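Hi,

Here is the structure I promised to pass on, with the sequence alongside. Have a look at it first, and my notes follow below.

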Amino acid sequence: MNREIVLILDFGSQYTQLIARRVRENRVFSKIVPYNISAKEIAAIAPKGLILSGGPASVVDKKSPMPDKTIFKLGIPVLGICYGMQAIAQIFGGKTRHTKDREYGKIELFVDNNRILFAGLPGNFTCWASHGDYVTKQPPGFTISAHSLNSPIMSIANKAKKIYGVQFHPEVTHTEKGSQILSNFLFKVCDCSGRWTMRSFIKETVDGLKKTIGKDKVVLGLSGGVDSSVVAVLMHRAIGRNSRCIFIDNGLVRKDEAAQIKNIFRKGFHLNLDYVDRSRRFLNALKGITDPEEKRKIIGREFIKVFEEEAKKVRGVKYLAQGTLYPDVIESISATGSPTSKIKSHHNVGGLPEQMHLKLIEPLRDLFKDEARHIARELGLPESITYRQPFPGPGLGIRIIGEVTDERLKILREVDNRVIEEIRKENLYNQVWQSFAILLPIKTVGVMGDERTYDCVAAIRCVASVDGMTADWVKLPHEVLEKISNRIVNEVKGVNRVVYDITSKPPATIEWE
């Protein structure tokens, strides 16, 4: 693809993904690569600019990670952020040492030279710092562009070499003019055009898929989530009927979900969709099982088996398409190359590529979640898909505490449906991360119509989050909670008590199992 790109060399900063996002907000494509990528590899990519991220190491230590020094001879503009600036100073002959008092949090930055990186910005503004080292002497050929009350050198610049550094973090929202600083680097230093959009991504991707796949066939596990849905429509645009989507109804989906997916993708987008009802198979496998981990393993194992059986029915299939996103890639394979940095493995369909010996296609592997949603809007997917809240792979199987049975599934579906309906009525659905119901393995005494009842307890969970790693419980208005509770106990037979989960993550998890 003929696309301008800025590479971000990752030194292990917790903000590295933020840098990538901020660059993309300027309509410039960015990609995170290991800090020790070679100059030869960079030259082959031909990026418009390089950004060296922050990191937890200290350049004062002899074993600290350092970039390939020859990257600075490529003539490509460079911006070092925090540790990245210190690495630049060290390489070019400056001096860095440990601070007596760590500079952390909001600080006042004073601009000494605003011609390029700080062009158009005020003489002082608030920024976010997080460092235990600081540059005490700028390298030969570099000028000081900014300082703070605690650090005499907060930014350095070598205009001739197009190498710049900032000791603070322009990528975080706490830095008032951070976006403008990055924009100045991208457009005044790197000479980027800023033409990368989701519309251009769609065209590039469809053209690339046509070229890669040709007349071969592709299978895709369609879940109804935004990621797999976007991939399904992109594949259909690229190769039409040679793309086959498989939706497996495991009996653990929400009310009317299977019918909605069939209607949207068969009638609305005319996709080649196989609907496979294996609900009885899954429920039989879960009979008598109460341990949450065992339930997860059974559901995952059966899904792989069913998908494999169905995929084998497609003659001449050579590719498996998945909705893997960029955070999945970053978390699965440490960008810094350190095995200890690996967070978790992601396999959207349970490791199918390895088992089925199909070539893997992941059209969204360079995108973040919000970018995938943007593409969904561009493709005309309905809001029910585009803004669908995250739904766990095991489905309602892990929202029923204890054994999963037909009767308990029926109850939970009705309870969950009323939760979602009321959340939507209050225009809260797109504002929260997840809102759902859990069926508890206990019964309590109640009174309905002057008669004693002994029925199930339903718990409601509503959380706010950015990425699911941490979450806060949502303080729903009391009148909304009252409506939800009244509808459930009056309309759902088998439930006589509703409780609301007011625990954040951590210490709890978002799901109960």
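The largest nonpolar core has 69 residues, and Leu9, Val230, Phe265 and Leu364 have the most contacts inside it. Helix α6 supplies the largest share of this core, nine residues. Apart from it lies another core, of 45 residues, which includes Leu286, Leu412, Val480 and Tyr500. Please keep in mind that this is a predicted model.

If you click on Leu9, you will find that its contacts, leaving out residues up to four places away in sequence, include Val33, Pro34, Tyr35 and Ile37. Leu50, Ile51, Leu52 and Ser53 also touch Leu9, as do Pro67 and Ile71.

I also looked at helix α12, residues 369-379. Its buried residues are Glu371, Ala372, Arg373, Ile375, Ala376 and Leu379, and they pack against α1 (16-25), α5 (198-213), α6 (226-239) and α13 (383-386). After α12 comes Gly380, with a positive phi near 85 degrees.

As for the chain overall, there are 15 helices and 18 strands, and the C-alpha atoms fill a box of roughly 85 × 60 × 40 Å along the principal axes. Of the 513 residues, 55% count as buried. Among contacts with a separation of 6 or more, 75% join residues 24 or more positions apart.

The chain carries 76 positive and 58 negative charges, and their mean positions are 6 Å apart.

Methods
Residues are numbered from 1 along each chain as its sequence is written. This is a predicted model: local features need pLDDT of at least 70, side-chain atom pairs count only at pLDDT 80 or more; totals for chains, interfaces and linings use all residues. Side-chain values use heavy atoms; hydrogens and water are left out. Buried means under 20% relative accessible area, exposed over 50%, partly exposed in between (1.4 Å probe, protein chains only). Helices (H or I, at least four residues) and strands (E, at least two) are DSSP runs, numbered from the N terminus. Contact means heavy atoms within 4.5 Å. Lys and Arg count as positive and Asp and Glu as negative; His and the chain ends are not counted. The place of a charge is taken as NZ of Lys, CZ of Arg, CG of Asp or CD of Glu. A nonpolar core is a set of buried Ala, Val, Leu, Ile, Met, Phe, Trp, Tyr and Cys residues joined through side-chain atoms within 4.5 Å.
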